Amino acid sequence: MAGRESELRGEQDTVDRLYDRLDALRAQTRERLREVRREGPSGSPQNRSERDAFATLYEDRIAQLEAVEDRLAFGRLDLTDGEQRYIGRIGLTDADHSSLLTDWRAPAAQAFYRATAAHADGIVRRRHLITRGRAVTGIEDEVLDLDAIGAPGSDETGDHLSGLTGEGALLAALAAGRTGRMGDIVATIQAEQDAIIRADLAGALVVQGGPGTGKTAVALHRAAYLLYSHRRLLERSGVLLIGPSRVFLRYIDQVLPSLGETGVVTTTIAELYPRLEATGVESETVAEIKGRAGFAQVVARAVRQRQRVPAGPEEFKVDGNTVVITPHDVTEAIVRARRNHRPHNLARVTFVRDMLSRLAEQYVTQLGYPLAADERGDVLEELRSDRGIRIALNLAWMPLTPQKLIEDLFAKPARLAAAAPGLSAAERALLARPAGSPWTPADVPLLDEAAELLGEDDQAARVQARLDATNRTAELDYARRVLASSGNEGLVSAELLADRFANTGPRLTTAERAAADRSWTYAHVVVDEAQELSAMAWRMLLRRVPTRSMTIVGDVAQTSTQTGARSWAGMLEPLLRGAWRLTELTVNYRTPAAVAEAAQRVARAAHLPVSSLTSAREVDDALVVEAVPDDAGLAGRVAASADVALATLATGAEGGRVAIIAPGARISTVRDALRTAGLDEHLGSGATVLDAPLILLTPREAKGLEFDVVVLVEPSEVGAASAGDLYVAMTRPTRQLRVVHHAELPDGFHTPSTGDRLF
Ligand SMILES: Nc1ncnc2c1ncn2[C@@H]1O[C@H](COP(=O)(O)OP(=O)(O)OP(=O)(O)O)[C@@H](O)[C@H]1O
């Protein structure tokens with residue numbers, strides 16, 4: 001025991017030294033920031049812009065150093081050559097640049113997650129440090145090379161039958177009360193997860209895994225890892241993360257900062273089109289039709305139908321001369337303008353030029369004498385500014401915004417019928433809606449498709465981009481010189497500083513610029529709950545990542561709607577044509593075994609493509625079923641059940657969160673019952689919904705989230721609407737699922753051996 005205590009003391013000394021270094025760096029950076037600010041707003045614009053650039057960099061660096069306070073160091077590797085290497089949230093060096101702490105993402109840290117007794121990789125022992133605040137409260141050792149270890153007095157054991165790394169630390173992390181926000185898993189990443197996190201940047205990596213296998217956690221840690229290992233590339237082009245909803249994005253928004261990374265653009269498909277709010281609501285059937293791959297052709301046809309040959313010739317009098325727009329000329333001009341395959345609005349310039357030149361020919365012929373070049377220019381101008389001609393040419397080739405094209409498509413039945421001959425009359429009737437209706441999430445990929453085909457006049461932006469690229473080398477050079485002369489070399493990189501120089505003025509980060517620009521292309525895209533994306537949404541996303549460097553995580557058994565994927569190959573193969581690879585996660589870290597098994601039985605009974613799943617832990621009383629004799633009493637019973645759950649959690653030291661998951665149609669009666677029971681004060685709403693101890697939501701809204709206890713209302717109703725939704729709802733709790741029902745339980749729910757408590 002004495003040996004263990006001295007080990008603990010030794011680790012505490014090391015951890016103290018690491019925090020001392022962290023504090024020193026914080027103080028040093030704060031002091032630099034103060035100095036920069038002290039200089040005030042005087043000096044040349046050049047000086048001011050340099051100061052602003054330094055100030056933002058120091059602010060970012062301080063934020064990063066503040067964010068790594070919790071579990072700064074969490075591991076130690078003992079190497080065969082006697083070296084001891086500490087692993088932590090960020091890398092730290094002492095004043096002489098010797099390494100004190102190795103960043104978890106560095107190659108030198110990889111063995112912490114991957115080494116096994118069979119493949120020890122030069123590691124004798126792996127140690128997990130358990131800390132509370134800055135105090136080391138425990139040590140967990142795994143000996144990987146029994147022959148090499150001889151040190152008496154420590155509690156090493158060599159047997160790790162479970163296959164889990166750092167099992168004690170892991171199980172402690174899994175059992176902890178939930179805060180309403182996702183935490184990072186950096187101290188306990190498992191080998192199968194680590195392999196995905198560190199996989200190659202190139203290509204599309206699909207991670208399929210059942211509920212609770214850590215897909216979201218892995219996707220976020222992979223983003224942090226890629227930013228660390230390919231910083232130059234990724235920081236300039238940016239990383240995009242797509243999640244299923246705003247609530248979900250709030251749920252995960254602490255994870256990347258805690259890993260020292262900010263600046264990832266996080267958004268939903270509905271928000272991906274800049275400056276457009278998709279607040280409209282429509283039926284799933286309509287969303288499904290709009291999401292079909294075939295809708296790309298519908299939009300393409302709608303665009304081409306705005307390039308139209310008039311029924312007959314049209315005459316115009318210009319300055320006493322007659323010119324005629326003939327169907328023949330328009331046909332020829334359209335064919336020519338289409339030939340260069342430019343988007344509609346840009347090809348229109350060619351069309352108009354061609355038509356005006358034809359009309360000018362007619363005009364000149366009537367004059368009967370040749371014109372000098374400048375006189376011909378005057379004629380062209382006169383023709384161009386003639387109102388009648390302008391209208392006729394617009395009718396032949398209408399300049400359009402994406403919004404106008406899509407709005408007309410749904411507001412004018414004849415347009416839809418012409419553009420979508422493959423849809424049935426009933427389907428077209430479902431899509432019809434009046435002009436001015438709010439945009440819906442399923443419209444967003446259609447608008448993006450339209451924008452692509454119509455094209456924006458982004459010439460100015462392109463010229464600017466070329467200029468930026470040329471300036472970049474000069475900026476980098478300059479930033480290096482500034483860094484060298486200011487003695488700040490170790491603190492910030494020249495790349496970052498150059499970025500800041502470039503962006504001062506309106507202070508925009510890469511992330512901000514990317515989010516505002518529809519045609520921005522990212523260096524990497526991470527998609528969570530990717531099974532929900534429609535074929536049209538995938539097309540929109542792929543435009544933003546021409547390199548196809550993507551991390552796609554999801555579970556095809558949890559798909560809610562008809563729009564989403566039931567098989568990765570079915571969804572991705574037509575789009576990526578073999579350029580994607582599939583990996584699987586198989587251990588469920590969230591849901592107690594009994595609950596996960598029940599959920600899987602129900603999902604299988606509904607013929608969902610369920611992944612195989614091993615649960616990391618058992619919890620007593622994990623499944624509680626409460627049958628209510630009549631439907632009228634259901635909501636009251638739900639409130640009572642939530643009350644019991646809240647009371648149980650309140651007695652624990654760690655608190656926790658309770659969620660009531662109910663079919664949409666029952667939400668308001670359950671809310672009333674909570675009010676009657678006096679529980680509504682616990683209920684969160686709006687932006688802070690996740691912070692409250694109690695939350696009421698539909699299965700769809702619960703996607704990707706987790707809670708200590710879930711009260712699930714009438715599962716057969718949830719399952720009847722969507723089997724995928726029921727699978728999601730059943731797999732949200734980390735401790736207990738309480739099912740309250742009046743109708744029959746869904747098929748597969750019970751087996752004689754479930755061992756659940758029945759009321
Ligand atoms: N290696 C790990 N160490 C500690 N906790 C982990 C680990 N892997 C996963 N977890 C925890 O397990 C829970 C489930 O993880 P996550 O939400 O990433 O799963 P998921 O596969 O995305 O689930 P779902 O598909 O159901 O949304 C989270 O609380 C996460 O922190």
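These legends go with a few close-up views of the predicted model. Residues are counted from 1 along each chain in the order its sequence is written. Because this is a prediction, local features need pLDDT of at least 70 and side-chain atom pairs count only at pLDDT 80 or more, while totals for chains, interfaces and linings use all residues.

View 1. Strands here are DSSP runs of E with at least two residues, helices are runs of H or I with at least four, and both are numbered from the N terminus. Two strands pair if DSSP finds at least two bridges between them. β4 (residues 99-103) runs parallel to β2 (residues 84-88), with two bridges joining them; in one spot, Gly-88 has Asp-103 of β4 as its bridge partner. β3 (residues 92-93) also has two bridges to β4, but that pair is antiparallel. Look for Leu-92 facing Leu-101 in β4.

**View 2. The loop between β3 and β4.** This hairpin has five residues between its strands, and His-97 takes a positive phi near 70 degrees. Ala-95 sits in that loop. Buried or exposed, then, for Ala-95? Ala-95 counts as exposed because it has 8 C-beta neighbours inside 10 Å. (The cut-offs, using C-beta atoms placed from the backbone: buried means 20 or more other C-beta atoms within 10 Å, exposed means 12 or fewer, and partly exposed is in between.) From the C-alpha atom of Ala-95 to that of Asp-319, 224 residues away along the chain, is 83 Å.

**View 3. Nonpolar cores.** A nonpolar core is a set of buried Ala, Val, Leu, Ile, Met, Phe, Trp, Tyr and Cys residues joined through C-beta atoms within 7 Å. The largest one has 161 residues, and Ala-223, Val-638 and Val-711 have the most contacts inside it. Helix α6 (residues 215-229) gives the most to this core, nine residues. Apart from it lies another core of 20 residues, including Val-379 and Trp-397.

View 4. The automatic or database domain assignment puts domain 2 at 191-278 + 501-587 and domain 4 at 593-741. Their centres, taken over C-alpha atoms, are 28 Å apart. Counting contacts as C-beta atoms, placed from the backbone, within 7 Å, 25 residues of domain 2 touch 22 of domain 4. On the domain 2 side, β7 (204-209) and α8 (246-252) each supply at least two residues, and α8 has the largest share, with four.

Methods: Two residues are in contact if their C-beta atoms, placed from the backbone, lie within 7 Å.
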